[in-house]
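Welcome, and please have your viewer ready.

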Amino acid sequence: MVNDDNQGVQGGDGAVVAGSGIPRQRERPLVVGVAGGSGSGKSTVVAAIVDALGPSTVAVVPHDAYYEDLSNVPIEQRRALNFDHPNAFDDDLFTDHLHALRRGEAVDVPTYDFAAHTRADRVHHLEPRPVVLAEGILLFASAALRDLLDVKVFVDTEADLRLLRRLRRDVAERGRTVESVLSQYESTVRPMHLEFVEPSKRWADVLIPHGGRNAVAIDMVVRALRESLA
């Protein structure tokens, strides 16, 4: 898993590990970023890591909980906005919270209403853990965010599978229609993926192909994280 020549190594089932490997655990939490396109399987990878290491070891911070609050914008205008551009996120608050977790301080993670495109009144109180997992499509597109991540994992999945997964999720969980999901995918999701998300994978330390179903690659990441905590 560790590669000291900074050229990258390829593991079973196509997992690619680049750079100097996962660092040994220090006094502060180890911050791991999991990025990839919408529907790539990021949440599945995160869930597998949490399941393997235990919820008492891992704190999860979803980047998409930090969308800008649009409650002052008419609903029709909200629906037309580009939610796949870096400017759609409140990264000041997100970075403040990552800094706090790195210092061992608890944070109140906002809750986002994806149907109304507004920030909900309730928050999720998150205590620091030995491993902090940040998840989001654009984590590696920002140098300021990358600098807060000790390990960067990119979940790389074919475009057709990502679209199918996004379609199922948004209709079932976010109150969208099929037509609205496809329209958004064509107008913003795909162009923003090509402009920001896809190029950002060059910053990854680990590439996981085939999404969250790549058990071999996920096991490699889990074993390396366990070693860093030992």
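Buried here means under 20% relative accessible area, exposed means over 50%, and partly exposed is what falls in between. The model you are looking at is predicted.

Start by selecting aspartate 90. With a relative accessible area of 15%, aspartate 90 is buried, because the limit is under 20%. Aspartate 90 sits in the loop between helix H2 (75-80) and helix H3 (91-102), and arginine 119 is in strand E6 (residues 118-126), so the pair ties together parts that are 29 residues apart in sequence. Arginine 119 is partly exposed, at 23% relative accessibility.

Next, select aspartate 150 and arginine 28. Their side chains meet in a salt bridge, at 2.7 Å from N to O. The pair ties together parts 122 residues apart in sequence, because aspartate 150 lies in the loop between helix H4 (143-146) and strand E8 (151-156), while arginine 28 lies in the loop between strand E2 (16-17) and strand E3 (30-36). Aspartate 150 is buried at 17%, whereas arginine 28 is partly exposed at 22%.

Move on to lysine 201 and aspartate 156, a salt bridge whose closest N and O atoms are 3.0 Å apart. Lysine 201 is in the loop between helix H6 (178-200) and strand E9 (206-209), and aspartate 156 is in strand E8, so parts 45 residues apart in sequence are tied together.

Finally, select Arg166, Arg169, Asp170 and Arg176, which are linked in a network of salt bridges. The count for the model comes to eleven salt bridges.

Conventions
Residues numbered from 1 in each chain as written. Predicted model: local features only at pLDDT ≥ 70, side-chain atom pairs only at ≥ 80, totals over all residues. Heavy atoms only, no water. Salt bridge = Lys/Arg side-chain N within 4 Å of Asp/Glu carboxyl O. Helix = DSSP H or I, 4+ residues; strand = E, 2+ residues; numbered from the N terminus. Buried < 20%, exposed > 50% of the residue type's maximum accessible area, 1.4 Å probe, protein only.
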